[in-house]
Amino acid sequence: MTPIHDTDVELLLAVALASKRGPAELDALILALAIHDKRLPARVKLHDAFARLSANGLLLEESGGFTLTEAAQEVLALGRKNYEHDERAFRVKERLAAYEPARGAHPVIQLAAERLATAIAAYEATLPPLTKTEKAALKREQTAAPRRPTPLRKRR
């Protein structure tokens, strides 16, 4: 896999977490994605990550859920189990960069946009309302975005 996206790594780790006992449903995957960062990736990025990972033979859809292939389990096998999340993601990203997909056709997962939107909306509905502090931080982030500079006034 040549271009390695952060969303790919996060999705692989989420599938590994959610599919311990069998194929993980989409709702469980969204919840596993939100464990480390409540800000979910954009829907388009998630949709593309599903397609990329399945096209490279790392992700399978079976019986209404998603599982990792053996190649993906090898990529995720890091030896040590007590890495922090950021370090684990970095090491998985390194291993994905070195991964060469097996020749042959892999079934590409074409996830319906409505299905993904429904799962994300169901997760967001379970979140508690924002507190005053969170609202202030969100407003601060929005106002901190770079603005177009104001033009200098002409001197008279």
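Predicted model: local features only at pLDDT ≥ 70, side-chain atom pairs only at ≥ 80, totals over all residues.
Colleague: Which hand does the crossing of α2 and α6 have?

Modeller: α2 passes α6 in a right-handed crossing.

Colleague: How do you know which residues make the contact of α2 with α6?

Modeller: A contact needs heavy atoms within 4.5 Å. On the α2 side, that gives L26, D27, I30, L31 and A34. On the α6 side, it gives R115, L116, A119, I120 and Y123. Sorted by class, eight are nonpolar, none is polar and two are charged.

Colleague: Why is α1 called roughly perpendicular to α3?

Modeller: Look at the angle again. Helix α1 spans residues 6–18, helix α3 spans residues 43–55, and their axes cross at roughly 75°. The range for roughly perpendicular is 65 to 115 degrees. The value falls inside, so α1 is roughly perpendicular to α3. These axes come within 9 Å.

Colleague: Which residues make that contact, and how do they divide by class?

Modeller: α1 brings T7, D8, L11 and L12. α3 brings K45, L46, A49, F50, R52 and L53. They divide into six nonpolar, one polar and three charged.

Colleague: Take D8 in helix α1. Is D8 buried or exposed, and how do you know?

Modeller: Buried means under 20% relative accessible area. D8 has 0% relative accessibility, so D8 counts as buried.

Colleague: What makes the pair D8 and R52 a polar contact?

Modeller: Their side chains come to 2.9 Å. The limit for a pair of N or O atoms is 3.5 Å, with one able to donate a hydrogen and the other to accept it. The distance is within the limit, so the pair counts.

Colleague: How is the packing of α1 and α2 described?

Modeller: Two packed helices are described by the angle between their axes and the distance between the axes. α1 and helix α2, residues 26–34, pack at about 115° with their axes 8 Å apart. Their crossing is right-handed. From α1, the contact takes E10, L11, A14, V15, L17 and A18. From α2, it takes A28, L29, A32 and L33. By class, nine are nonpolar, none is polar and one is charged.

Colleague: Why is H85 called buried?

Modeller: H85 lies in helix α5, residues 85–98. Its relative accessibility is 19%, and the cut-off is under 20%, so H85 counts as buried.

Colleague: What does H85 touch?

Modeller: Leave aside its neighbours within four places in sequence. H85 is then in contact with E10, L13 and H36. With H36, side chain to side chain, there is a polar contact at 3.3 Å.

Colleague: How do you know whether K38 is buried or exposed?

Modeller: K38 lies in the loop between α2 and α3. Its relative accessible area is 65%, so K38 passes the 50% cut-off and is exposed. K38 and Q110 are 72 residues apart in sequence and 25 Å apart in space, C-alpha to C-alpha.

Colleague: And A144, buried or exposed?

Modeller: A144 lies in the segment after α7 (132–143). Its 61% relative accessibility is over 50%, so A144 counts as exposed. The C-alpha atoms of A144 and R52 are separated by 34 Å.

Conventions. Residues numbered from 1 in each chain as written. Heavy atoms only, no water. Axes fitted to C-alpha atoms, helices over the stretch in contact; angles between N-to-C directions. Helix = DSSP H or I, 4+ residues; strand = E, 2+ residues; numbered from the N terminus. Parallel < 35°, antiparallel > 145°, perpendicular 65-115°, else oblique. Nonpolar A, V, L, I, M, F, W, Y, C, P; charged D, E, K, R; others polar. Buried < 20%, exposed > 50% of the residue type's maximum accessible area, 1.4 Å probe, protein only. Left-handed = near helix turned anticlockwise from the far one by under 90°.
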